[in-house]
Amino acid sequence: MHVRGLLSHRITVGEAVLVLGAILFSVSLLASGDLLAGLGVLILIFVAVSVLYFVQQRRLTERTVRLEETAMMPYSCEIVWGLIKPAEMAPWIEPELSRGYQVPGTPEGVGERQALERHDGTTVIVEVIEYEANRRAVTRQVSPKMLEEHRYLQCVEPVTGGSMYTEAVEVDLKKGQRIIRAEWEVQWRSASQERIARIRELLDSTAPGAMPKGEPRAAQ
């Protein structure tokens, strides 16, 4: 066990009271000259805290956190899907992108890879790992490789008066990691809401199945 991990162990109030009481008892023994007993109590404290740490770590298993944003679109699933699925449409939805295209040689659907070029010259490649035409796609970033596994989902479902569009991100937390950073969640939700607003704006201003006119709007 790393000392840093032991020091970062979060104990309950009850555990803290017991540990503090034991430390005070050991100090009193040391002060009275009973060195062996005092050191023995300190060793017992260290062993007990170590056991508590290991028990806590065994209870903390890997899990997945999901963030999701949803909006009603007064358009059919096919029309919405026709806008969000093609890689070529990405620059209109993501202003920081300058170009998007399907990687040559990759199939439609599962196994498809899309290259997304940014204005700074870098390129992100995502791969489709789950796919249902006109309904649902799950992708993951394959280049550059991410430290944590992220899966991105886009889904459209038919509802009265149009379709319900959902986009989500799933993050696999490592063992011992309880939450994702609050600022990261705020940033993702804000970016997702902006994407959804642009999708709605494009649907309202473009004939079904047609490419938007003009050039994509670059990020400010």
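Student: Is lysine 85 buried or exposed in this model?
Tutor: Keep in mind that this is a predicted model. The relative accessible area of lysine 85 is 16%, and the cut-off for burial is under 20%. So lysine 85 counts as buried.

Student: Which residue does the side chain of lysine 85 meet in a salt bridge?
Tutor: Side chains of opposite charge can pair when their charged atoms come close. For lysine 85 the N to O distance is 3.0 Å, and the cut-off is 4 Å. The partner is glutamate 112.

Student: And how far apart in sequence are the parts that this pair ties together?
Tutor: Lysine 85 sits in the loop between H4 and H5. Glutamate 112 is in the loop between strand E2 (97-102) and E3. The pair therefore ties together parts of the chain whose separation in sequence is 27 residues.

Student: What about glutamate 112, buried or exposed?
Tutor: Burial here means a value under 20%. Glutamate 112 has a relative accessibility of 1%, so it counts as buried.

Student: What is in contact with proline 86, leaving aside its neighbours within four places in sequence?
Tutor: Proline 86 is also in the loop between H4 and H5. At 27% relative accessibility, proline 86 counts as partly exposed. Once the neighbours within four places are set aside, the contacts of proline 86 are Trp81 and Gln114.

Student: How far apart in space are proline 86 and glutamine 102?
Tutor: In sequence, 16 residues separate proline 86 from glutamine 102. In space, C-alpha to C-alpha, the distance is 7.9 Å.

Student: Which residue forms a salt bridge with glutamate 117?
Tutor: The closest N and O atoms of the pair are 3.4 Å apart, with 4 Å as the cut-off. The partner is arginine 99. This pair links distant parts of the chain, 18 residues apart, with glutamate 117 in strand E3 and its partner in strand E2: arginine 99.

Student: Which residue pairs with aspartate 172 in a salt bridge, and where does each lie?
Tutor: The closest N and O atoms are 2.9 Å apart. Aspartate 172 is in strand E7 and its partner in strand E6, 21 residues apart. That partner is arginine 151.

Student: How many salt bridges does the count come to?
Tutor: The lysine 85 and glutamate 112 pair is among them, at 3.0 Å. By the rule used here, the count is 17.

Student: Moving to the pockets, which element gives the largest share of the lining of the largest pocket?
Tutor: The largest pocket has a volume of about 950 Å³. Its lining has 33 residues, with Glu94, Leu116, Val126, Tyr152 and Arg195 nearest the centre. By class, the lining holds 21 nonpolar, five polar and seven charged residues. The largest share, six residues, comes from H6.

Student: Which residues is serine 192 in contact with, apart from neighbours within four places in sequence?
Tutor: Serine 192 belongs to helix H6 (residues 182-205). With a relative accessible area of 0%, serine 192 is buried. Setting those neighbours aside, the contacts of serine 192 are Glu69 and Glu167.

Student: How much space lies in the largest cavity?
Tutor: Searching the whole structure turns up one cavity of 30 Å³ or more. Residues lining the largest cavity include Arg140, Lys145 and His150, and by class the lining has one nonpolar, two polar and four charged residues. The space in the largest cavity is about 40 Å³.

Terms used
Residues are numbered from 1 along each chain as its sequence is written. This is a predicted model: local features need pLDDT of at least 70, side-chain atom pairs count only at pLDDT 80 or more; totals for chains, interfaces and linings use all residues. Side-chain values use heavy atoms; hydrogens and water are left out. Helices (H or I, at least four residues) and strands (E, at least two) are DSSP runs, numbered from the N terminus. Buried means under 20% relative accessible area, exposed over 50%, partly exposed in between (1.4 Å probe, protein chains only). Contact means heavy atoms within 4.5 Å. On a 1 Å grid over the protein atoms alone, a cavity is a set of points where a 1.4 Å probe fits but cannot get out, and a pocket is an open set with protein on both sides within 12 Å along at least five of seven lines; lining residues have an atom within 4 Å of a point. Grid points are joined across faces, edges and corners, and a volume is the space filled by probe spheres set on the points. Ala, Val, Leu, Ile, Met, Phe, Trp, Tyr, Cys and Pro count as nonpolar, Asp, Glu, Lys and Arg as charged, and the others, Gly among them, as polar.
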